[in-house]
Amino acid sequence: MTTTDTAVIDEGKLMSFVFRAVDEVGATLNCALVVMGDRLGYYRALADYGPLAAPELAARTETGEKYAREWLNAQAAGGFVTYDSATGEYTLPPEHAIALADESSPAFLPGFFQIAFGTVSDASRIFELARDGDGLAWGDHSTDVHVGCERFFRPGYVANLVSSWLPALDGVVAKLEAGARVADLGCGHGSSTVIMAEAFPQSTFVGSDAHAASIDTARQRIEDAGLSSRVSLEVASGGEFTGTGFDLVTTFDALHDMGDPVGTARHVHAALAEEGTWMIVEPAAGDRVEDNFNPVGRAYYGFSTLLCTPSSLSQDVGLAIGTQAGPAKIRDIVTAAGFTSFRVAAQTPFNNVLEVRK
């Protein structure tokens, strides 16, 4: 016997849920449509030349008019653009333009949609792996995952890393200004490394990541920025990066992806100078599951299921703490590794910034 055999069904609640589910399907499809609008230049054209009718948008972007028409209608139905029935023109509101067309804005969102698009594209592989609790390595995902991850997080790093996150750490900025040794653990495409190296020309940096293709991209970014004399890069996991005596170790949105975060923490403990600091930037999360039942937590739990947990499970130990681990879980990890000082130093809507010391 099922619950529906005996329960009294509220038809109003049922249909409310059905229509909510229809909206979810529209939102799922819109993930790809946002990536489409970003990749084909639709948002940029609307921001620069709008309001535009479909033929004008197609001409500005050198794309097919019928695709532009349907894309615009989907965006209008979802409230991403507005439609003027009298003129047949579509407008990207200025606030939406900041979030969808200005890559320098900390509110820029297409990278978030791109990493979600790449994650969902790989989801069928995760379904099969989940049957046996197996994992999928970060490097085995679609490149949209890797590129989208950097495009999503980089604007926040640009807006906060030098101006507020590093100053929130005890005595770190003074060391960086005087000349410090820094290890950027899990540096990905190197955005965080470049930002710090450009801001503190007296300091030297070592970036490391287990994903060789990301290090290749980071190496090009470092060269383009003219930082090769002060920045070195290596392919290495969290427990294998080289060097000791670091004044600062940084880990941006990566610790929860690691198979053995406790082992990584022990390695960081050994690599830090006695008065050194480990700055761990992790996705914003509370310590209780219910603390994260909100739009940001929902997105992060989705990524945790399809991307971050499989990444951890693909590695040795496979602790899989999840994207929404929360500060208390991170404290447990670093304490087990021998650290004695831990605090939440700063927060944004998308990140917790944690200061860890010996």
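## Salt bridges

Arg 298 forms a salt bridge with Glu 24 in this predicted model. Their closest N and O atoms lie 2.4 Å apart. The limit for such a pair is 4 Å.

How many salt bridges cross the interface of domain 1 and domain 2? The rule finds three. Polar contacts between domain 1 and domain 2 also come to three residue pairs, with both residues at pLDDT 80 or more.

## The two domains

Domain 1 covers residues 12–101. Domain 2 runs over 110–357. Taken over C-alpha atoms, the domain centres are 33 Å apart. Eleven residues from domain 1 take part in the contact, along with eight residues from domain 2.

## Buried area

Interface size is often given as the accessible area lost when the parts come together. Between domain 1 and domain 2, about 800 Å² is buried. Carbon and sulfur atoms give 64% of that area.

## The domain 1 face

Two elements each give two or more residues to the side of domain 1 that touches domain 2. They are α2 (11–39) and α6 (94–101). α2 gives the most, with eight residues.

What is the make-up of this side of domain 1 in nonpolar, polar and charged residues? Seven are nonpolar, one is polar and three are charged.

Conventions. Residues are numbered from 1 along each chain as its sequence is written. This is a predicted model: local features need pLDDT of at least 70, side-chain atom pairs count only at pLDDT 80 or more; totals for chains, interfaces and linings use all residues. Side-chain values use heavy atoms; hydrogens and water are left out. Domain bounds come from an automatic or database domain assignment. Contact means heavy atoms within 4.5 Å. Buried area is the accessible area (1.4 Å probe) that two parts lose on being put together, summed over both. A salt bridge is a side-chain nitrogen of Lys or Arg within 4 Å of a carboxyl oxygen of Asp or Glu. A polar contact is a pair of N or O atoms within 3.5 Å; within protein, one must be able to donate a hydrogen and the other to accept it, and residues adjacent in sequence count only if both atoms are side-chain atoms. Helices (H or I, at least four residues) and strands (E, at least two) are DSSP runs, numbered from the N terminus. Ala, Val, Leu, Ile, Met, Phe, Trp, Tyr, Cys and Pro count as nonpolar, Asp, Glu, Lys and Arg as charged, and the others, Gly among them, as polar.
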